[in-house]
Amino acid sequence: MCTPAQLQVITRPGTEETQTVAGALKRSVSRRDLLVGSLAFSVAPALSHFSAHADAIMAFTEIAPGIFVHQGRFELQSPLNRGDMSNTSFVVGTDAVAVIDTLCSAKLGSELRAAIRAVTDKPVRYVINSHMHPDHVFGNVAFKNDDNVEFIGHHKLARGLSARADTYLAANKMMLGDDAFAGTEIVLPTRGVDDKVTIDLGGRQLTLEAQSVAHTDNDLIVSDSATGTLFLGDLLFSGHIPTLDGSLRGWLSLIDKLEHYKPTRVVPGHGPHAMQLPEAVGDEKRYWSTVATDVRRMIKEGKTMSEATKIAGQSERDHWKLFDQYHVRNVTAAFAELEWE
Amino acid sequence: MTEQLRKRMARSAVIALAAGLGLAMTGGARADEDVWPSLQRDVFDSRPMTENEGIIQIDAPERAEDAAVVPITVRLSPSFKEPVKSMTLVIDKNPAPVAATFTFGPAAGTVGGERRMSTRVRVDSYSYVHAVVETADGKLHVAKKFVKASGGCSAPAPKDADAETAELGKTLVKSYAPAVDTTPLREGQIMIKHPNRSGMQIDMESRGYIPARFVKDIEVKSGDDLVFRAETGISIASNPNFRFTYANAGDKPLTVTAVDSDETKFSGQSAKEPVSQ
């Protein structure tokens, strides 16, 4: 069975704690009322038993006025977590809503859409993908039938995702299982960002900037004019080990630039709802610098890729979740890139 | 089907796909099925092979983190002193199982240490990797190793698609200085920037396969002497990379010439000064 989409979690800005609110779609509770903390808090205790089924709830935190972020788990996709393992956000303007990343299945995409509907009746006009990876794109299909909706990504996203479509679909189906994966299909961007695009949600503009090769070759950074919030997608990992599918050198030079940015806050692709620069990129910078230094040294010493996967960056082990799942792959990619220097 | 055609098919999925036989070749390879006997017949004419003699060792990750770049090293024990004529690397369950056949020349080196060949391959599904070594007396020796990985052949190769095209054919050749000048064997390495497209990668926009384009022949020489010639296929990972031992005959230049399936030629030569280790 589908997860009950009527369970939503919404908090007020400035509160750390996320409150569970059920009955979002109950007639007695207007959608708008759910934004009111006192009501949410008063409803929550009566339904606290639902919190035991945390995997069945899509929780959102309003990190700044009109900006809602859901934090994914630091896990691999599985039937149990149903693929709820990356962050997704939506931004509400006076005219329209923009979604940034759509999680990794049709079902989670639908729950995301239901969560938006619980907050606002404004139409979803823009579905933005921060990059091509399945956990940020596969829920697009849930918005396919929205009126006048545009799917927007880096101009290289369609090519990258197309080339990987079969592999991604098969792998995610295998990891999620048939039930959690049901209905998932790939919806490519209908509009590509070559350099910079600004969209107007009413009362606020989002600026979408295409980046050079870093996490992937199709990373996009989104900034909100109203609150100074920067959505970094998977250019920022925190807690969850970063993964490399683009260029290590490119990513490190982008991090150097990010350190000089002064947004009000940044939203990672995997990590807490919101963070501050430059601290936010500190761990990630240290990780990639360590991997680069170790791999370069081993290449210079004539060591092989296999040897490097056993040694390079091992000092980082205790700093990250999912280290064993991704680190060797990261070193393999780093080695294959840096051996050409 | 002629033996000749069988061998060619084993090497090239392009032919298999073009003939609509892609599934016939891969579809037979169920997870629990042993395809080695049929490969022995098709690729090695059912010639007898000896196994588990302790002379060949295959190093490969038990579980490959990236199925499109699986590092494999084949080692010949230092106590094994026979001259080697050829070595064939087979990924049993790949659509084109024969990854490479190396034919060794006089500069490959024989006695005096461990002989090695390292490369990176694609692994399409959980499979045994076999290394078949033919000694100068015509005998075949074999070793195997199981590798858990999947999707390596259809995985899109380049992470940075534009750079890959811009740098196609860039060739690096390294000769590593031996630890001791008088050691009989030293190491060399060749690297060719090439997507080595498998023909199994799908372009969703055109709804078709991206045509195969792969490095098919490689010749490596030390001075004027042949180290090895390799026939390679789509089971070799993108940016073909070979690291190998060869006879230490002073700092002669190591050269490589290669040609891909589009008949484009690539070449490179090692720097005057060997890479110190």
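## Starting point: chain A

Helices (H or I, at least four residues) and strands (E, at least two) are DSSP runs, numbered from the N terminus. By that rule, chain A holds 8 helices and 15 strands. This is a predicted model, in which local features need pLDDT of at least 70 and side-chain atom pairs count only at pLDDT 80 or more, while totals for chains, interfaces and linings use all residues. Residues are numbered from 1 along each chain as its sequence is written, chains are lettered from A and ligands numbered from 1 in the order in which they are written, and side-chain values use heavy atoms, leaving out hydrogens and water.

Of the 341 residues in chain A, 62% are buried, meaning under 20% relative accessible area with a 1.4 Å probe, protein chains only. Now look at contacts (heavy atoms within 4.5 Å). Among those in chain A between residues at least 6 apart in sequence, 66% join residues at least 24 apart.

## A helix to follow

Find helix α6 of chain A, residues 282-300. Its 19 residues reach 27 Å from the first C-alpha to the last, close to the 27 Å expected at 1.5 Å a residue; the expected span is 1.5 Å times one less than the number of residues. Just after α6(A), Gly302(A) has a positive phi of about 80°.

The buried residues of α6(A) include Tyr287(A), Trp288(A), Val291(A), Val295(A) and Met298(A). What covers the buried residues of this helix? The cover includes β14, α5, α7 and α8 of chain A, together with β9 of chain B.

## A sheet in chain B

That strand β9 also belongs to an open sheet of 6 strands in chain B, in the order β2-β3-β6-β15-β10-β9 with antiparallel pairing. Two strands pair if DSSP finds at least two bridges between them. The edge strands, β2 (56-59) and β9 (171-176) of chain B, each pair on one side only.

## Where the chains meet

At the interface, 30 residues of chain B are in contact with 32 residues of chain A. The area buried between them is about 2,600 Å², with carbon and sulfur atoms giving 54%; buried area is the accessible area (1.4 Å probe) that two parts lose on being put together, summed over both.

How many salt bridges are counted between chain B and chain A? There are 4, each a side-chain nitrogen of Lys or Arg within 4 Å of a carboxyl oxygen of Asp or Glu.

How values were computed: Buried < 20%, exposed > 50% of the residue type's maximum accessible area, 1.4 Å probe, protein only.
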